[in-house]
Amino acid sequence: MAFNLAYTLALVCAYFALRRFMRRSTQQGSLMFPGPTPLPIVGNALSLPSQKVWIKLAEFAKLYGSIYALRLFGRQIVVLNSPEVARELLEGNSATVYTNRPLPKIIELAGFDKGVVLEHDLGKLRLARKLLHSVLQPKQMPLYHEALDYHINTFLRNLSQDPDDFSQHIHHLTAGINIEVSHGYRVKSRDDSYVGKANVFGENFARATLHNGHIVNWLPFLAYLPTFLPGMGWKARARAWRDQYISLAQEGHEMVKDDIAKGTARPSLTLTALEESEPGLYPDETIMFTATQVYAGGGDTTSSILTSFVLLMVQYPETQKRAQDEIDRAIGPGRLPGLSDRSNLHYVDAIVTEVARLRPPIPILPRLAARDEVYNGCLIEDNAYVMMNFWAMLHDEDRYEDPHAFKPERWLGIEERDANHHPLEIVFGFGRRVCPGRYLAEETLFAAIARVLAVFNISHAEDSKGNPIIPSGDTTNGGITCPVPFTCKIRPRSPAAAELVQRSFEDVA
Ligand code: HEM
């Protein structure tokens with residue numbers, strides 16, 4: 001038995017060694033990327049932690065440089081640690097090679113590859129991105145300003161009524177904005193049933209994209225085994241996710257069609273696709289799944305930055321005070337700041353930029369190489385994962401002095417954004433799959449952060465003896481990260497500020 005096992009292992013090792021040798025010898029003259037030495041079969045799996053792998057990958061960058069490679073169970077993983085290298089590969093002549101994202105088997109089974117985020121059909125992807133661009137490009141932003149006012153002022157009112165639930169209010173804010181952009185649907189109550197269903201989809205999507213969490217991603221043939229076999233519960237789960245996703249997408253689509261028929265449809269992606277585009281340009285399937293995935297792309301990412309902002313205000317009271325002084329000087333106490341004040345609120349703007357740098361919501365994200373490619377003399381293999389390590393790019397000490405400190409002032413006095421230095425040019429990704437929601441995200445973040453600072457003080461919560469409760473500042477693991485849950489104290493800055501919150505809510509309600 002022991003002999004059989006050893007014999008089998010030896011055969012497998014020999015197979016992988018031979019495969020690598022054959023591959024290298026077919027790519028004459030190409031070298032191997034630097035990187036840690038892989039073990040047979042498992043490759044570098046044992047040197048990677050199960051939590052926050054991006055930090056370890058950033059440490060490797062100090063040893064091996066801005067592009068290096070690892071191996072995981074035979075698959076090459078090329079890690080990009082600088083925006084220059086990422087742009088050269090993902091925006092240069094070979095950009096088309098790296099268009100796709102890896103498609104884990106569970107995603108296909110759950111139907112989440114329909115839409116945009118994980119769409120593999122390049123024709124459908126092109127249409128979905130065209131549609132997203134048509135509704136989310138900068139010149140379309142004014143269409144959503146009234147919705148931003150409504151949702152942000154409602155958020156302020158919710159914060160003033162129930163400050164301890166700030167994390168839920170943040171989530172509700174971004175959900176409301178996204179559903180408005182995708183379907184023109186205005187969320188009025190905190191227990192809206194459509195939001196409830198969209199949240200279930202968001203949670204399922206997040207679970208499905210935890211790549212390591214599903215055995216079928218590693219052993220795809222399992223997908224073809226019957227569901228009644230023991231240990232196949234994941235198959236029924238994937239089917240339930242798929243049914244829920246399709247039903248949500250159809251419900252949203254029908255809702256907009258009804259609104260159009262009644263003449264009550266608000267501006268949205270679905271309305272644009274159905275009414276304002278060349279007839280037949282967008283098939284129904286493209287419209288409804290792309291619209292539904294706006295929720296997956298825009299919700300947790302924007303919420304993550306807003307939650308990080310609250311945490312950082314607890315940790316850096318002097319930064320909060322400086323921003324409030326700027327708002328008081330530029331705006332005064334009688335009204336809330338808005339997007340038109342952005343050019344006068346440089347320090348608030350710098351806070352948005354620095355939060356995104358210090359705590360990027362997506363620390364790391366892979367693309368998939370569609371064929372063998374030689375880059376700087378080294379081979380990127382067909383099917384390699386090409387990892388954008390945003391966290392490493394944004395914490396590079398050669399680029400940012402004291403990179404682990406929160407210092408918004410580093411962004412003051414900057415006239416033009418340098419694409420390889422400014423965090424908001426990096427955190428949204430690169431090239432053909434760059435985030436289509438980036439302009440909306442920036443406007444949402446600026447307006448929400450400026451208004452919170454104008455009317456609230458954020459500070460440590462206190463225990464029963466009056467001692468401050470210090471948040472750990474730690475980050476969750478996963479595809480989209482966020483501060484681990486923490487408590488804090490959020491109170492109106494003055495009775496006049498409390499009154500302004502109430503009045504501003506009534507103005508938009
Ligand atoms: C601070 C907030 C946000 C961050 C940090 C962020 C970041 C990202 C990143 C890194 C990507 C992948 C880019 C790449 O592969 O190069 C992405 C894709 C995407 N984002 Fe965002 N995003 C944010 C907000 C939004 C918002 C508000 C929306 C929608 C209104 C949105 C919709 C999407 C969609 C649909 C994709 C998939 C695009 C594709 O696969 O082609 N995002 N985002």
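Two strands are said to pair if DSSP finds at least two bridges between them, and strands (E, at least two residues) and helices (H or I, at least four) are DSSP runs numbered from the N terminus. The structure is a predicted model, in which local features need pLDDT of at least 70 and side-chain atom pairs count only at pLDDT 80 or more, while totals for chains, interfaces and linings use all residues. Residues are numbered from 1 along each chain as its sequence is written, and side-chain values use heavy atoms, with hydrogens and water left out.

In strand S6, Tyr385 is the bridge partner of Ile77. Strands S2 (residues 75-80) and S6 (residues 385-389) pair in the parallel sense over four bridges. They belong to an open, mixed sheet of four strands in the order S1-S2-S6-S3. Strand S1 (67-72) and strand S3 (364-368) are its edges, each pairing on one side only. From one strand to the next, the twist averages 25°.

Helix H2 (residues 53-64) packs on this sheet and touches S1, S2, S3 and S6, contact meaning heavy atoms within 4.5 Å. The direction of H2 makes about 125° with that of S1; axes are lines fitted to C-alpha atoms, for helices over the stretch in contact, and angles run from 0 to 180 degrees between N-to-C directions. Helix H3 (residues 83-91) lies across S1, S2, S3 and S6, at about 125° to S2.

The iron atom of the ligand has Cys435 (SG) as its only protein donor, at 2.3 Å; donors are N, O and S atoms within 2.8 Å of the metal (3.2 Å for Na, K and Ca), and water is not among the atoms, so sites may look incomplete. Cys435 is found in the loop between helix H15 (390-394) and helix H16 (438-455). Because 16 of the 18 residues of H16 are buried, this helix is largely enclosed by the rest of the structure; buried means under 20% relative accessible area, exposed over 50%, and partly exposed in between (1.4 Å probe, protein chains only).
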